[in-house]
Amino acid sequence: MMDTDSLRTLVERNAASRGGPGKRFPDLRAEMERLEERGELIIHRIRPENRAVEVRNLVGGTKRIPTDRLWHHKSCGQCGNIPGYPSSLLWLMNETGRSYLNEPHQTSCTAWNYHGTGTSNPVALAAVAARNFHRAYETDHFPLIHCGTSFGDYKEMRRLLVENEDVRHKVRDVLRRLGRELVLPEEIVHYSEWVHVMAPEIVARKVHNVDGIVTAVHEPCHYYKMVPEDAVYDPHFFGGQRPAVPSAIVMALGAKVADYSTWYDCCGFGFRHILAEREFSRSFANLRKIRPMVEEAHADVAITSDTGCVTTLDKSQWIGKAHGFSYSLPILSDVEFVALALGAHPYKIVQVHWHTTCVEGLMTKMGIDWKSAKEEFREYLERLKNGAAPDNLYPPRDEIERYFAINKGPVMPDPEGVGPASLPAPSNAKGGSP
Amino acid sequence: MSIVARLPRPPSDRVEEESPEPPALLIRGRHAPSPEERSLSEEILTEFRADPRSSEFVLGCLNCGECTSGCPAARFYDFSPREMVQVAIHADAPTLWDAMQEKIWACCQCYSCTMRCRFGNDIGGIISVMRELSVRHGLDSARKTLAPFGRTFRLLTTVGTQISPDMIQPEFFRDWGPAATRLDETWGVPLEVLRKAIPIDVLRTTRAAWEVSVQTSLELFRIYEETGVLDMLRGVDPDLVEMLVDLVDERRGEFEEAKRRFQLPKAEPAGPSSSSPG
Amino acid sequence: MNPILVIGAGPAGLSAAAELADLGAPTLLVERERYLGGNPTRWRYSMLVPDLKPTEEVLGGLLRKVETDPRIERRLSTIATKAEAAGKGYRVTLRTDATEETREVSAVVVATGFEHFDSRRKFEYGYGRFPDVLDFKELEGMITDDRIVRPSDGKAPRRIAWILCVGSRDIQVGNTWCCRLGCAVSIKQAVEVRKRHPEIEAYVYYMDIRTYGLWERLYWDAMQEFGVKFIRGRVGHITLAEDGKRLLASGEDTILSRPTEIPFDMIVLASGMEPGAGTTEAARLFGLTVGPEGFLAPRMADLNPIDSGVQGVFYAGAATGPKAIVDSVTEGMGAALRAFRYARG
């Protein structure tokens with residue numbers, strides 16, 4: 001590890017050479033402010049209520065991560081196929097007393113479709129992004145992006161909207177026809193960055209010992225390769241040479257992070273390939289990621305922080321048996337691993353049964369009594385089958401919200417007293433025809 | 001024509017001939033455009049050059065190969081990001097046409113190349129531009145690519161998410177194994193009940209990743225209409241688009257009905273939002 | 001006349017000071033380090049290009065002359081902190097840890113040189129975390145001592161790779177220029193290693209080979225006589241190899257047009273040249289023009305790199321851009337002559 005002075009020089013040197021006008025990584029913030037002054041857009045600012053924590057990025061600049069009053073921007077793949085992923089995150093927020101809004105009034109970012117098929121265009125992508133940002137803004141909750149691809153896409157859209165006047169005006173026109181304005185949040189924040197800054201509170205609530213667990217971390221491409229300057233780097237992790245997220249939370253919990261030869265490789269999701277050319281995805285995942293993680297890193301579990309990566313690495317292993325790969329390496333997102341370590345119910349909260357790789361072995365190593373938990377869950381399913389009302393992590397919504405995006409206050413009671421009463425009243429006019 | 005007639009004639013005999021074909025980078029590629037496709041390939045080249053992103057994303061190339069070093073597709077396909085950049089810089093119509101058949105679809109869109117390019121190119125980005133062009137022009141290769149994504153498109157335009165739990169059908173995802181496709185059998189309850197057991201209310205559906213409100217899904221459709229995405233799709237699959245428009249009309253009907261049920265006022269005229277919190 | 005100030009005692013500054021002394025000019029040589037010699041001394045360069053003569057043989061005479069010549073006033077551990085025009089010359093404030101004094105000088109030679117790129121900034125190479133990834137300055141010392149071993153386990157390497165253009169020609173780290181010497185120095189190192197240890201395999205990963213002019217001989221000899229292998233393609237990242245002991249260099253062989261991954265026992269980075277802090281500071285002190293890359297911009301770069309365009313100030317060496325030692329020494333002589341004529345009126 002370097003001494004502080006060398007480190008500071010290094011970071012400043014990096015920032016000076018990479019950032020600034022005309023350099024590789026332009027500073028968008030100043031330009032965003034200028035545009036707001038000219039009335040071209042509205043900046044959704046982070047406020048004290050959001051309890052933001054500062055982190056550093058690739059070029060040594062600061063990024064602020066809001067931890068409270070968050071608007072969940074959900075991931076299609078997570079909600080569809082890995083529901084324990086968002087469920088673990090919301091459970092963590094409940095445990096740490098953070099308020100949030102999770103609502104039906106969010107569209108997909110549409111980026112998976114774009115990357116897979118090319119059937120969209122920058123104006124459409126930017127308009128979808130801006131529409132979701134505006135929704136978060138009008139609910140007074142700061143957007144938290146669940147998917148790595150949404151995160152990468154939204155970072156690019158921010159840059160596009162700030163730098164390209166033509167696109168910006170087109171998007172603003174489309175939004176106005178929807179009754180919305182052009183809003184850009186002050187920061188584009190990935191949920192794994194929230195987990196990262198919540199480390200002290202998370203570790204304080206640890207229930208199971210993970211000291212003996214060896215993990216291999218897979219860094220999602222779209223987290224750090226798109227708009228690379230906007231990702232969390234920390235000199236205490238990998239000497240600041242690899243993103244700190246999500247490795248840092250794994251280490252903070254006490255588990256080991258082992259290196260392997262293909263650390264930088266993509267998982268093989270391919271966006272298109274995972275659906276339409278799966279021989280590629282499963283070959284790549286098994287040969288280039290799973291095998292080194294098992295044979296070099298000797299991992300008990302692979303941790304990653306993106307939808308596509310969990311999907312690819314998890315779903316590609318079963319067929320590997322046809323080629324003599326019988327690894328069965330459990331793949332978990334950072335939040336699922338964290339939730340398990342903090343004592344969340346493996347099936348009711350972490351929903352491990354949606355994974356095709358077997359998580360039970362890992363849970364045994366962690367000292368989790370999954371057998372009882374499984375029984376409990378079976379009973380719960382029976383009750384649900386017979387018409388019982390399901391448990392929910394927050395008060396479920398009224399039926400009107402199946403149709404209309406009304407304004408709504410925070411889900412969790414706000415200890416500061418800024419409750420629903422002080423928010424703008426639900427505006428039925430928002431239910432206007434599109 | 002007999003071979004004798006094709007032999008070059010001595011200069012004194014030469015008469016005014018048509019000007020010869022300009023030399024092509026791709027002399028006889030795997031996917032050279034047929035004579036009928038020739039003019040389309042030239043139109044595509046012109047559009048490609050005219051797209052402002054072409055000059056923004058491709059600045060030049062040192063041929064250093066660093067982009068390819070991290071490329072997952074380069075290991076498995078006859079493809080490399082370096083090749084794509086070279087095509088973007090030098091291509092004539094047949095070469096670009098060739099690249100747009102198979103090569104651009106090999107790309108995994110991981111952006112390892114873009115992150116590493118020493119010259120500052122956005123290689124993943126320029127490949128996306130080529131893909132957009134191929135869809136816009138309804139090329140066969142685009143049609144083939146889009147075929148499995150018809151469902152995704154239907155989901156996006158009607159319910160607003162790209163995935164739905166009920167699309168993980170055993171016949172289509174056999175290689176993911178029974179744990180993925182037969183979860184209901186493993187637990188002895190229907191998929192709907194398994195979704196009910198998720199402690200997040202909007203996830204309790206099998207037809208979408210999460211339940212998107214009707215207003216929101218209509219907003220997404222409107223965006224697709226106004227920004228030309230539906231038109232792009234029409235070029236490749238007009239029947240699909242017709243079906244989508246019908247489905248969305250049904251949604252609109254549902255929406256209007258709900259307005260009546262909840263006694264909401266008529267639509268406000270279009271204009272800036274009046275409810276931005278301070 | 002008032003002394004002529006030479007800022008920097010690397011090869012350019014030493015050469016300027018020696019020349020000025022021989023011209024009979026009083027010379028004030030200011031150097032921020034505790035020693036004379038600049039980067040070659042600091043990093044213990046072993047042999048220089050193109051003839052591969054030991055540094056001591058090439059520069060030793062110059063160093064000793066400057067160390068002992070009574071006409072040269074040497075100020076080590078000293079920096080210039082202020083400068084203002086005084087008549088035709090300058091009034092300069094010089095500071096050490098303990099003292100501060102102001103001197104009148106009749107002309108200035110800026111020979112503040114360069115700094116090597118800090119290879120930790122090329123994140124994907126893991127320099128600073130993988131002990132067997134070395135900067136080529138570190139290898140110089142190993143070659144001088146003829147102790148070429150892996151820092152991780154002290155074992156002799158069987159296969160070494162040199163990666164050119166680290167911190168050069170790379171917008172991702174912010175340095176777009178060529179360092180001029182990376183090729184020649186790396187190939188020289190590969191040749192030196194192969195000469196002493198023919199059992200060690202040497203690979204050079206390159207984008208271009210810039211062994212300019214007559215230095216091309218080095219490149220041909222490296223292949224013909226010493227069997228150094230060249231792979232055309234830059235390395236994207238370095239990770240641990242499968243055995244957990246060696247390093248894996250992932251790149252593309254652009255001639256064969258395919259990705260390549262080769263395990264090595266040691267990887268050496270040809271780290272480029274950047275404008276040094278001294279150069280930036282000198283620009284501030286004397287109001288000098290700095291080019292877009294941060295090096296000092298001469299008045300007419302197409303003509304000569306010595307005339308600054310600023311009254312009484314002359315340039316020598318890598319302060320104006322990446323330079324070989326032979327060029328720095330030559331420019332030192334030219335700057336000395338210019339400064340002398342200027343001071344004499």
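Author: Helices are DSSP runs of H or I with at least four residues, strands are DSSP runs of E with at least two, and both are numbered from the N terminus. The model is predicted: local features need pLDDT of at least 70, side-chain atom pairs count only at pLDDT 80 or more, and totals for chains, interfaces and linings use all residues. Residues are numbered from 1 along each chain as its sequence is written, while chains are lettered from A and ligands numbered from 1 in the order in which they are written.

Reader: Why does C:Glu115 count as partly exposed?

Author: C:Glu115 has 17 C-beta neighbours inside 10 Å. A residue is buried with 20 or more other C-beta atoms (placed from the backbone) within 10 Å of its own, exposed with 12 or fewer, and partly exposed in between. The value 17 falls in between, so C:Glu115 is partly exposed.

Reader: Which residues is C:Glu115 in contact with, leaving aside its neighbours within four places in sequence?

Author: They are C:Glu274 and C:Gly276; contact means that the C-beta atoms of two residues lie within 7 Å. C:Arg159, 44 residues from C:Glu115 in sequence, is 29 Å from it in space, C-alpha to C-alpha.

Reader: What are the domains of chain C, and how far apart do their C-alpha centres lie?

Author: Domain 1 of chain C covers 4-113 + 276-344 and domain 2 covers 119-271, with bounds from an automatic or database domain assignment. Their C-alpha centres lie 31 Å apart. Twelve residues of domain 1 of chain C are in contact with 18 residues of domain 2 of chain C. The domain 1 side of this contact has eight nonpolar residues, one polar and three charged. Here Ala, Val, Leu, Ile, Met, Phe, Trp, Tyr, Cys and Pro are nonpolar, Asp, Glu, Lys and Arg charged, and the others, Gly among them, polar.

Reader: Why is A:Asp140 called buried, and C:Arg180 partly exposed?

Author: A:Asp140 has 23 other C-beta atoms within 10 Å, which puts it among the buried residues. C:Arg180 has 19, so it is partly exposed. A:Asp140 lies in the loop between α6 (122-138) and β6 (142-145) of chain A, and its phi is near 60 degrees, a positive value in a residue other than glycine. C:Arg180, also not a glycine, has a positive phi of about 70 degrees, and its loop runs between β12 (159-166) and α5 (182-196) of chain C.

Reader: How do you know that the peptide bond from A:Val245 to A:Pro246 is cis?

Author: Its omega is near 0 degrees. A:Pro246 is in the loop between α11 (221-224) and α12 (247-253) of chain A. A cis peptide bond also joins C:Val49 and C:Pro50, where omega is about 5 degrees. C:Pro50 is in the loop between β3 (47-48) and β4 (53-54) of chain C.

Reader: Which residues of helix α6 of chain B are buried, and what covers them?

Author: In α6(B), residues 81-90, the buried residues are B:Pro81, B:Arg82, B:Met84, B:Val85, B:Val87 and B:Ala88. Their cover includes α7 (93-106) and α9 (123-136) of chain B, together with β16 (247-253) of chain C.

Reader: How many residues of chain B are in contact with chain A?

Author: 83 residues of chain B are in contact with 96 residues of chain A. Helix α15 (residues 214-226) of chain B gives the largest share of the chain B side, ten residues. That side divides into 48 nonpolar, 23 polar and twelve charged residues.
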